[in-house]
Amino acid sequence: MTYVGVDGGGTRTRAVLVDDEGREIGRGEAPGAVASAAHPERVVAAVELAIGRAVEAAGARGDSTGVPARLWAGLAGAGQAAARDAVHARMVDVGVAREVVIGTDVEAAFASAFPDGEGVLLIAGTGSIAWSRGPDGATRRSGGWGAHLGDEGSGFAIGRAGLALVTRVRDRRASPTTLEATLLDACGVGSADDLVAWVAAASKRDVAALAPLVVEAADADDTEATLLVNRAVADLLDVVTPLRPDIDPTVVLWGGLIADRGPLSGRVVQALEAAGWSVADRGVDPPLGAARLARAGASAHGVPD
């Protein structure tokens, strides 16, 4: 009997196949797709392809495969009930596994970071969220309300703040900054006036991709960029603080912005440790975490993305 876990987002979709003992026997990858009520077939196609490649990898090693007993798919966008339900129905129809559970990529990452239960996971990439489980098994989250209502300290928030800074410099409401030329060049526009059209057409990921440039400018002692980055670090500390346990305040960092070697990781670790947190250096493997949830028969909580 086999179980499969999937971690899917806008960039890529990854699947891990494990055997009845929980040992990894195959891994596959496919293009990214986000759960959507309007087009569930897109994410289902990506999940099918990733699982198929994991099954092929297991077969090439001589491991017994067949249809997995259970799929636990942690998908970006699955925090919305309509999207989660539409994707679930489609996956059941195509028979990717005998049983299908749809959760979020946050839950999959947490299962990898804390396979034995309690802990706090702070994620900052395109968006931001903190997720915890206490000694009683109860789960809580802070943040994760999306670009319009939250995502404080995220790549999107930093990128947007950098663009807004360029407009304030244009109005002479902010001091000159090296970011003006850097961000205009990154966006492929000639002036701040052109940013209105650029940002209207840009995706969240496009805006978030500007965040490392803001951090680089702060690292080079640009005063205005440093203010933006310090605000982002403070915002991430604010997101995770409500989840701090009374005993053993251990936190794991994940996401392209703050994970090991992420552009903001050093500053966030320093801020957390100054606030009394213990930052654990653990590898996070969300598709393997999802596979563990599949094997355990876990349900999903469906936190917001």
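Colleague: Which strands does helix α12 lie across, and at about what angle does it run to β1?
Modeller: This is a predicted model. In it, helix α12, residues 286–296, lies across β1, β2, β3 and β4. Its direction relative to β1 is about 140°.

Colleague: In the open sheet of 5 strands, which strands stand at the edges?
Modeller: The strand order is β3-β2-β1-β4-β5, and the pairing is mixed. Two strands have a single partner each, so one side of each is left without a neighbour in the sheet. These edge strands are β3 (24–31) and β5 (100–103).

Colleague: What is the bridge partner of Tyr3 in β2?
Modeller: Strand β1 (residues 3–8) and strand β2 (residues 12–18) run antiparallel and are joined by 6 bridges. Within β2, Tyr3 is partnered by Val18.

Colleague: Which strands does helix α2 touch, and what angle does its direction make with that of β5?
Modeller: Helix α2, residues 81–94, packs on the sheet. There it touches β4 (70–75) and β5. Its direction and that of β5 make an angle of about 155°.

Colleague: How many residues of helix α3 are buried, and what covers them?
Modeller: Helix α3 spans residues 105–113 and is mostly covered. Its buried residues include Val106, Glu107 and Phe110. The cover includes β4, β5, β6 (119–124), β7 (128–133), β9 (250–254) and α12.

Colleague: Why is β6 described as largely enclosed?
Modeller: Side chains in a regular strand alternate between the two faces of the sheet. In β6, one side carries Gly119, Leu121 and Ile123 and the other Val120, Leu122 and Ala124, and both faces are covered. The strand is largely enclosed by the rest of the structure because its buried residues number 6 of the 6.

Colleague: Why do the buried residues of α9 line one face of the helix?
Modeller: Helix α9, residues 211–219, has Ala211, Val214, Val215, Ala217 and Ala218 buried. Seen down the helix axis, these buried residues line one face because they fall within an arc of 160°.

Colleague: What does the buried side of α9 pack against, and which exposed residues does the face turned away from it carry?
Modeller: The buried residues of α9 pack against α5 (155–170), α6 (179–187), α8 (204–208), α10 (223–240) and α11 (265–274). The face turned away from that buried side carries the exposed residues Glu216 and Asp219.

Colleague: Is Asp221 buried or exposed?
Modeller: Asp221 sits in the loop between α9 and α10, where it takes a positive phi of about 70°. Its relative accessibility is 66%. Exposed means over 50%. Asp221 therefore counts as exposed.

Colleague: Which residues are closest to the centre of the largest pocket?
Modeller: The largest pocket has a volume of about 1200 Å³. The elements giving two or more residues to its lining are β1, β2, α3, β7, α8 and α9. Of the 40 lining residues, the closest to the centre are Asp105, Gly125, Thr126, Gly127 and Arg205.

How values were computed
Residues numbered from 1 in each chain as written. Predicted model: local features only at pLDDT ≥ 70, side-chain atom pairs only at ≥ 80, totals over all residues. Heavy atoms only, no water. Buried < 20%, exposed > 50% of the residue type's maximum accessible area, 1.4 Å probe, protein only. Helix = DSSP H or I, 4+ residues; strand = E, 2+ residues; numbered from the N terminus. Arc of directions from axis to C-beta. Contact = heavy atoms within 4.5 Å. Pairing = 2+ DSSP bridges. Axes fitted to C-alpha atoms, helices over the stretch in contact; angles between N-to-C directions. 1 Å grid on protein atoms, 1.4 Å probe; cavity = no way out; pocket = protein on both sides within 12 Å on 5 of 7 lines; lining within 4 Å. Points joined across faces, edges and corners; volume = space filled by probe spheres on them.
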